[in-house]
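Me: I'm new to reading protein assemblies. Could you walk me through this one, step by step?

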There are 14 protein chains.
Amino acid sequence: MEMKDIVSLASIIIAGLTIAIGSIGPALGEGRALAQALSSIAQQPDEASTITRTLFVGLAMIESVAIYCFVISVILIFANPFWNHVVSQAGK
Amino acid sequence: MEMKDIVSLASIIIAGLTIAIGSIGPALGEGRALAQALSSIAQQPDEASTITRTLFVGLAMIESVAIYCFVISVILIFANPFWNHVVSQAGK
Amino acid sequence: MEMKDIVSLASIIIAGLTIAIGSIGPALGEGRALAQALSSIAQQPDEASTITRTLFVGLAMIESVAIYCFVISVILIFANPFWNHVVSQAGK
Amino acid sequence: MEMKDIVSLASIIIAGLTIAIGSIGPALGEGRALAQALSSIAQQPDEASTITRTLFVGLAMIESVAIYCFVISVILIFANPFWNHVVSQAGK
Amino acid sequence: MEMKDIVSLASIIIAGLTIAIGSIGPALGEGRALAQALSSIAQQPDEASTITRTLFVGLAMIESVAIYCFVISVILIFANPFWNHVVSQAGK
Amino acid sequence: MEMKDIVSLASIIIAGLTIAIGSIGPALGEGRALAQALSSIAQQPDEASTITRTLFVGLAMIESVAIYCFVISVILIFANPFWNHVVSQAGK
Amino acid sequence: MEMKDIVSLASIIIAGLTIAIGSIGPALGEGRALAQALSSIAQQPDEASTITRTLFVGLAMIESVAIYCFVISVILIFANPFWNHVVSQAGK
Amino acid sequence: MEMKDIVSLASIIIAGLTIAIGSIGPALGEGRALAQALSSIAQQPDEASTITRTLFVGLAMIESVAIYCFVISVILIFANPFWNHVVSQAGK
Amino acid sequence: MEMKDIVSLASIIIAGLTIAIGSIGPALGEGRALAQALSSIAQQPDEASTITRTLFVGLAMIESVAIYCFVISVILIFANPFWNHVVSQAGK
Amino acid sequence: MEMKDIVSLASIIIAGLTIAIGSIGPALGEGRALAQALSSIAQQPDEASTITRTLFVGLAMIESVAIYCFVISVILIFANPFWNHVVSQAGK
Amino acid sequence: MEMKDIVSLASIIIAGLTIAIGSIGPALGEGRALAQALSSIAQQPDEASTITRTLFVGLAMIESVAIYCFVISVILIFANPFWNHVVSQAGK
Amino acid sequence: MEMKDIVSLASIIIAGLTIAIGSIGPALGEGRALAQALSSIAQQPDEASTITRTLFVGLAMIESVAIYCFVISVILIFANPFWNHVVSQAGK
Amino acid sequence: MEMKDIVSLASIIIAGLTIAIGSIGPALGEGRALAQALSSIAQQPDEASTITRTLFVGLAMIESVAIYCFVISVILIFANPFWNHVVSQAGK
Amino acid sequence: MEMKDIVSLASIIIAGLTIAIGSIGPALGEGRALAQALSSIAQQPDEASTITRTLFVGLAMIESVAIYCFVISVILIFANPFWNHVVSQAGK
């Protein structure tokens, strides 16, 4: 039953690292965009609604990159085709 | 009972590293946004309410990235499907 | 049945790392472009529509780089030709 | 009794590294926000109360990221489910 | 049948890493160019058409570097001459 | 008596590294905040009392992150539950 | 037939890494040049033709560095003298 | 008497690394704060006493982080509980 | 025939890495020079011919560094004296 | 007499690395403070005595961090309790 | 005949790495100098001849550093005294 | 006579690395201070004597950090207590 | 005859790395100085002779650092005392 | 005669690395100081003699750090006490 070990080991390790490493870029990118948005509102209060609308659309786009990582991470834990294959093999 | 060793070992290591590495990006991003918010309030006090509202919505979005990491980390400790499988196997 | 181990192991590890590493560049690049867009709107509100249109076309182009990574990552999990070959071999 | 070795070893190592690595981001982020707050007070003394209020709410949010790390770290030392399982197994 | 293992293993690992590492440069480069484009439009609205035309030609050129990586990555998965050689050898 | 070796070895190594790595962030963050505080006092001497009060509250918050590391480090040396368990086991 | 393994293994690994690492420099360099070109057009619209001409000559020069990498990468996959030697040896 | 080797080896290595790594942050942080203090005195000579007082309180706070490292380092050399335990064990 | 393995292995690996690593410096350097050239043309259109002439001479000089790498890389693949020696030895 | 080897080996290696790594932070920090001091004197010659006095007190404080490293380094070479213990053991 | 393997292996690896690593510094340095030269010509067209003369003398000096690397690299491939010694030994 | 090997090996390696790594910080720090000193003299020629006096006192202080490294390095080569102990042991 | 292997191996590797790593610092330093020289000539054409004279003396001083590396590198290839000793030993 | 191998191996490796790593800091530091000197001469031509005098004294001080590395490097090649001891031992 060694194969299960390897698959579960790899899944745990990679699930964690994927979301850990994958959170660095989006968090920094969103922080930068948010900081600039606040600066722009302070500079041009009349355009606050346009700025916040563009900001939230853009943040959603950046967030989507983080969500790609989260999706892969959750798939590896709860819907891992290799794990399913191994378990079904072992069940036979 | 070797498989338990491997699964618990990997879970402990990755649970810690996930939240540790995953805290760098959000903390820096939030710090940057917060710093800019304070600067903007000082520059445009009349818009303080708009700025703080946008700030807290944005911070929540960045915080969500850190929470993804925390969720994966807690799942690996308390709701690890691979661990449950191993324990139920051993219980048989 | 050792070969399955190796192929599934490699697929899991690389699927996660590909999207994790591949998210850093696009997220930072989009954050920068978005930040500048907000600054430009505040500076030239009359051009808001031109700016946001150019922004979204450009963001889509950067996002495409992240999607290349996501595509390779999903192919490795769900449509891996090497895995299919191995399974079909084993089925014989 | 080898499994205890591995679990306790991993718990000690990761408990320390989690809080060590996890302290870098929040400390730098808080330092940046605090620095900007002081600059803003000097620039706009009349808004000192708004600025410090926003500052402390924001610092608490960043601090929460560090606390996630501390929580995982303390759980690994004092409330480690894998350790409890091992000890209860050995006690049987 | 050891050689298949090695070739498929290497192909999977490198296919993922190639596009992952290769996405960092183009994404950052495009982000920078896009950010400057938006700034230039805000500064000189009358030249918006010239700027966006130059921008998209340039982005295509940078994107081509990312596509080189994607091409090599896809070749390694679906049109790998070494894999074909191995399989044809094994078929003999 | 091998287990004692491992536990004491790991405790010594991690106790040192935790406080060593954990001192980088807080020290840099405090240095930045302090530098800005002095600059602000020079710029707005009348607000010196508000600035220093906010500074010390903020420094205490950053210092708390360093203290988390120190606490974990001291726990690992003087109140290590795994070590106590091992010694009590050996004493039996 | 061990030598084939080694040669094909090395060729796959290096072909991918060469274009992956080799894309970082040119992509960043082109991004920088393109960004400056757009800024210059906005600043001096009358010189737009001279600027874009110089830009494209320069980009071609930078692109040539990326193409060196692509050439080496493709040679290693499809026209590898060491592989040809090995195959012809084995055919004898 | 192998355990002594391990404990003394680890203590020597970590004692040195702790203070070596732990000196980087505080030294840079203090250098930055000191540099700003001198700049502030030059800018606002009348506030020299307030500035130097705040500076020395702040430096002491940063220095405390370095002292945490020094304390752990000295404890590991001269008051190491694990070493005492080992020696007392060996003395029995 | 082990020696052939080693020589061909090393030649493939180094040929790729040489041009990959060697492309970073020249690409960034050329990008910087090109960016400045465009900025200078926009600033001083009358000197466009002098600037572009100096630019292309300088770019050629930087490109020569990349060509050194390409030359070494191609020599290692197609005119490798060590490989020739090995093959001629084996032919004897 | 193996234990002597290990202790002396570790002492030599760590004594050197401690002062080598520990010199980076203080040297950079002092360089920064000194540079600013000279700039401040040039800007406000009348305050030269206050500035140099504050500078030397501050430099002494930063130097103290380097001296912590030097002290640990010299202790490890000339007053190493573990070495003394080993030698006294061997002398018995 | 093992020694030939080692010498040729090392020569190939180091010849490539020397020129690869050695190209980073000169390429970046020349890029910086060239960029500044173009900026200076745009700023002071009358001094174009003095500037380009100084530029080319300086570039030659920087290029000489790259040539040192190229010389060592070529010596290692075509005039390696250790290789000659080995071959002459083997010829005896 | 194995112990001599280890001690002399470690002494040579660490003596070199100590001064090599330890030269980075002081050289950069002194370069920065010197650069600022020259800038200050150009700005305030009347204070040249005060500036150069402060500069040389400060440089001596930074140099002292480099000398700590040099001292440890020379001690390890020419006055190494562990080496003396080993030689005297062997002479017995 | 193993010792020759080791000495020639180490000499080849280190000869290349010494000049490769040693070229980074001087090339960047010279590039910076040269860039500033050109800028200064453009700013103060009347001082061109003083500036170029000081530049070339300074460049020679920086170049001397690169030459130290080249000297060590050439000594290791053509005048290596350890190699001479080994060869003369073998000739006996 | 194994000990000679080890000592000569270590001496060659460290002699090269010491000067290679040790050249980075001084070269960058001197480049910075020289660049600033040229800028200062252009700004204040009347103080050229004071500036160049201070520059050359300072450069000599920085160069001394590089010379420390060169001295250790040459000692390790031509006046290595450990090597002399080994040779004299072997001669007995």
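Predicted model: local features only at pLDDT ≥ 70, side-chain atom pairs only at ≥ 80, totals over all residues.

**Copies and how they meet**

Me: Which rotation superposes chain C on chain A?

Reply: Chain C goes onto chain A with a rotation of 26 degrees and 0.0 Å of shift along the axis, at an RMSD of 0.0 Å.

Me: How do I find out through which surfaces the copies meet?

Reply: Look at how many interface residues of one copy are also interface residues in the other. For chain M, only 17% of the interface residues are also interface residues in chain N, so these copies meet through different surfaces. For chain C, only 16% of the interface residues are also interface residues in chain A, so there too the copies meet through different surfaces.

Me: And how do I read the size of an interface?

Reply: The size is often given as the accessible area lost when the parts come together. Between chain M and chain N, about 3,800 Å² is buried, and carbon and sulfur atoms give 80% of that. Counting residues, 42 of chain M are in contact with 43 of chain N.

Me: Which helices of chain M supply the side that touches chain N?

Reply: Helix H1 (2–22), helix H2 (24–43), helix H3 (48–78) and helix H4 (81–91) of chain M each supply at least two residues of that side. H3(M) gives the most, with 16 residues. Sorted by class, the side of chain M that touches chain N has 25 nonpolar, 15 polar and 2 charged residues.

Me: Let me try chain C and chain A. How much area do they bury between them?

Reply: Chain C and chain A bury about 3,800 Å², with 80% of it on carbon and sulfur atoms. In chain C, C:Ile12, C:Leu38 and C:Ile77 lose the most area to chain A, together 17% of what that side buries. The contact involves 43 residues of chain C and 43 residues of chain A.

Me: What about salt bridges and polar contacts between chain C and chain A?

Reply: Here the rule finds 0 salt bridges, while 4 residue pairs are in polar contact, both at pLDDT 80 or more. H3(C) gives the most to the side of chain C that touches chain A, with 14 residues. By class, that side has 30 nonpolar, 8 polar and 5 charged residues.

Me: How far apart are chain A and chain I?

Reply: Their closest C-alpha atoms lie 22 Å apart, and no contact joins the two chains. Chain B and chain L have no contact either, with their closest C-alpha atoms 26 Å apart.

Me: Last topic: what does UniProt say about chain A?

Reply: An unreviewed UniProt entry places a "transmembrane region" at residues 59–83. In the model, that span of chain A is 92% helix and 0% strand, and its end C-alpha atoms lie 34 Å apart. The annotation "domain: V-ATPase proteolipid subunit C-like", also from an unreviewed UniProt entry, covers residues 13–76 of chain A. Over residues 13–76 the chain is 92% helix and 0% strand, and the end C-alpha atoms are 10 Å apart.

Key:
Residues numbered from 1 in each chain as written. Chains lettered and ligands numbered in written order. Heavy atoms only, no water. Contact = heavy atoms within 4.5 Å. Buried area = accessible area lost by both parts, 1.4 Å probe. Helix = DSSP H or I, 4+ residues; strand = E, 2+ residues; numbered from the N terminus. Nonpolar A, V, L, I, M, F, W, Y, C, P; charged D, E, K, R; others polar. Salt bridge = Lys/Arg side-chain N within 4 Å of Asp/Glu carboxyl O. Polar contact = N/O pair within 3.5 Å; in protein donor to acceptor, adjacent residues only side chain to side chain. UniProt positions renumbered as here; feature names shortened; annotations may be inferred. Least-squares fit on C-alpha atoms with pLDDT ≥ 70 in both.
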